[in-house]
Amino acid sequence: MTGRPLENLLSEERKFAPSAAFAAQANAGPEIHDEAADWQAWWGAQARSRVSWYQEPTTGLDDSNPPFFKWFADGTLNLSYNCLDRHLDTLGDKVAYHWIGEPGDKRDLTFRELHDAVGRFANGLKSLGVERGERVAIYMGMIPELPIAMLACARIGAVHTVVFGGFSSDSLSDRINDTSAKMLITQDGAWRRGTVTPLKANSDVALESCPSIEHMVVVRRAENNVDWSDGRDIWYHDLVADQSADCEPEEMNAEDLLYILYTSGTTGRPKGIVHTQGGYLTGATTTHHYVFDIKPDDIYWCAADIGWVTGHTYIVYGPLANGTTGVMYEGAPNFPDLDRLWQIVADYKVTKFYTAPTAIRTFMKWGDEYPARHDLSSLQLLGTVGEPINPEAWIWYNEHIGGGRCPIVDTWWQTETGGIMITPLPGAVETKPGSATFPFPGIHATVLDDGGKEVPFGGGGFLAITHPWPSMLRTVYGDDKRYIDTYWSRFDGKYFPGDGVKRDEEGYFWLLGRVDDIMLVAGHNISTTEVESALVSYPGVAEAAVVGRTDPLTGQAIAAFVTLRGSAEGDEELIETLRDHVSDSIGPIAKPKSIVFTDDLPKTRSGKIMRRLLRDISEHRQLGDVTTLANADIVDEIAEKAAAAEED
Ligand code: ATP
Ligand code: MG
């Protein structure tokens with residue numbers, strides 16, 4: 001994006017206020033923003049009241065060496081103690097996780113059972129020589145041993161790096177080598193859509209090029225055959241068999257490393273994001289409490305994968321530290337049928353549900369009948385994260401999942417931010433479909449133009465975070481320069497997340513996608529999100545991606561890729577109708593020059609649309625980095641269709 005500000009094309013008039021009953025019982029009322037006006041003091045108060053410390057910190061923000069900020073640096077704590085031990089007296093018998101295996105098996109783990117399992121595995125790790133500060137890679141599916149492994153690392157002060165179980169052996173070895181991990185924890189195989197993903201076999205391949213790994217611990221889950229390297233490989237159940245459940249937690253410094261997690265790779269080569277202990281836990285517990293309005297009897301389900309930051313913060317550290325009962329499901333949402341998630345919501349009477357726009361659009365595409373089969377009346381609040389949510393998808397979520405009754409929290413944040421940054425407070429804010437509304441208390445965000453000047457309400461530009469916050473990343477692992485270049489060089493002294501945004505006349509934030517994706521059409525900066533949302537607002541459209549492709553006339557022309565709901569087929573007539581629909585809803589300048597119908601869009605393994613690949617296709621370039629792509633076949637298919645469309 002250059003020169004002129006980002007256009008403000010889409011205007012969304014619908015507003016949804018929380019019910020009086022919800023507002024009356026909510027954890028956060030409107031006054032919370034006043035309470036947080038002295039933001040450093042407010043974060044300090046959260047740190048002292050929500051976290052149990054060995055040494056309570058006497059300091060808050062240390063900004064003596066920007067952008068290498070520290071928080072609560074003289075405090076000491078242990079995260080596994082905070083998530084487990086401190087609950088045992090009062091909540092020992094409370095369920096920490098209701099776990100549901102894809103084939104239908106179930107396990108409930110109480111906080112005490114989880115504590116004991118973590119203690120045994122932590123002792124097992126020590127027996128294999130894992131020491132404080134050493135890196136441990138974890139490559140697993142959604143089974144209870146995954147959070148157990150993370151908490152065991154946290155307990156002994158080892159640094160975990162979780163690699164999403166859907167990644168290939170190459171992605172795994174890259175991450176292991178980047179962190180010089182000493183140990184890999186995996187499982188024989190993971191269930192996915194009725195078949196077994198051979199994680200142990202993938203790990204065997206990865207370890208051929210990972211000299212730092214000394215041992216591989218393998219959980220038996222799918223009972224598929226595995227090769228074995230004696231001396232290197234150890235079964236999890238053998239390792240923990242004779243271990244004591246008591247393992248003294250390490251007293252960690254607030255700024256010691258907790259984990260390294262790689263970003264999902266939507267824009268390019270993933271970055272190894274570094275999170276530390278005290279500030280991270282403060283952010284995780286505080287945001288989880290207020291954003292999801294957590295109460296003691298909640299049945300809370302964050303349906304993300306723990307391989308992403310959403311799972312780290314809102315399946316493991318935030319909810320466990322808050323003593324919350326969570327649901328954890330192993331498998332695919334369409335196994336055995338398209339209503340699996342709604343079956344689980346009904347079975348467990350889930351009260352809070354958190355998922356991603358990509359999942360919501362998929363549910364829309366599958367059809368309304370699947371949620372309609374089940375009683376979803378236990379739900380009280382819904383959340384979304386990962387991409388901008390198109391207003392029509394928001395409305396569908398509200399009606400078909402929330403029964404028109406549940407506040408929706410559209411939460412903007414990143415692997416880098418560690419926790420939610422821009423979000424409705426569900427009892428205190430009127431929401432608008434497609435807007436993440438306002439910064440969380442203690443967080444300061446604004447909209448800047450190209451030259452770093454603040455853009456007034458009504459205009460768009462670059463999102464910037466103007467003050468440090470406790471759960472922020474501390475660096476890119478092993479690459480301080482990339483940390484500075486990527487996040488701190490665009491605007492002096494301010495954090496630059498890489499996203500475009502506008503604020504409406506009432507100051508609501510509307511996230512508009514990545515700035516690299518912004519299109520320059522006839523001198524206008526147009527966001528992909530607004531054009532896509534206009535397309536998705538046409539009945540029958542499930543999903544859309546647009547990119548700017550070089551055009552001799554207009555600089556860039558808008559190329560659109562559209563997926564239809566159900567089994568509908570697109571034709572020339574629909575192309576013209578959709579072009580006119582965009583033109584009518586947001587203006588002729590945004591009218592797509594070409595539209596290609598496709599069954600699917602290129603997505604990262606976390607489900608986000610990868611527009612950079614569509615741009616490569618549209619401009620006949622060699623495809624960029626595809627290692628984080630989930631559905632490689634679709635790219636060739638789209639390329640053929642796009643070429644055919646150009647010839648017409
Ligand atoms: P990479 O940085 O490697 O390209 P990534 O940015 O996709 O990968 P994540 O940290 O998983 O990796 O995603 C964060 C990004 O997701 C945000 O910067 C933003 O673009 C998008 N995002 C997340 N939540 C929202 C939301 N509620 N509304 C709009 N965009 C969102
Ligand atoms: Mg990113």
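## Questions on a predicted model

Biologist: Which side chains meet in a salt bridge of 2.8 Å, N to O?

Modeller: This is a predicted model, where local features need pLDDT of at least 70, side-chain atom pairs count only at pLDDT 80 or more, and totals for chains, interfaces and linings use all residues. Residues are numbered from 1 along each chain as its sequence is written, chains are lettered from A and ligands numbered from 1 in the order written, and side-chain values use heavy atoms, without hydrogens and water. A salt bridge needs a side-chain nitrogen of Lys or Arg within 4 Å of a carboxyl oxygen of Asp or Glu. The pair here is Arg155 and Asp85.

Biologist: How many residues apart are Arg155 and Asp85?

Modeller: Arg155 sits in helix α7 (residues 145–156). Helices (H or I, at least four residues) and strands (E, at least two) are DSSP runs, numbered from the N terminus. Asp85 is in the loop between α4 (79–83) and α5 (88–91), so the pair links distant parts of the chain, 70 residues apart.

Biologist: How many salt bridges does a search of the whole structure find?

Modeller: Side chains of opposite charge can pair when their charged atoms come close. The search of the whole structure gives 37.

Biologist: Which polar side-chain atom lies 2.6 Å from an oxygen atom of ligand 1?

Modeller: A polar contact is a pair of N or O atoms within 3.5 Å; within protein, one must be able to donate a hydrogen and the other to accept it, and residues adjacent in sequence count only if both atoms are side-chain atoms. Lys271 has a polar side-chain atom 3.2 Å from a ligand 1 oxygen, and Gln414 has one at 2.9 Å. The atom at 2.6 Å belongs to Thr415.

Biologist: How much of ligand 1 does the protein bury?

Modeller: Accessible areas come from the Shrake-Rupley method with a 1.4 Å probe; for residues, only the protein chains shown count as cover. Alone, ligand 1 exposes 640 Å². The protein buries 94% of that.

Biologist: What is the volume of the second largest pocket?

Modeller: On a 1 Å grid over the protein atoms alone, a pocket is an open set of points where a 1.4 Å probe fits, with protein on both sides within 12 Å along at least five of seven lines; lining residues have an atom within 4 Å of a point. Points are joined across faces, edges and corners, and the volume is the space filled by probe spheres set on them. Here that is about 410 Å³.

Biologist: Which element gives the most to the lining of that pocket?

Modeller: The pocket is lined by 19 residues. Elements giving two or more include β28 (555–564) and α19 (572–586). With five residues, the top contributor is α21.

Biologist: Where is Pro67 found?

Modeller: The peptide bond from Pro66 to Pro67 is cis, with omega near 0°. Pro67 is in the loop between β1 (61–62) and β2 (70–71).
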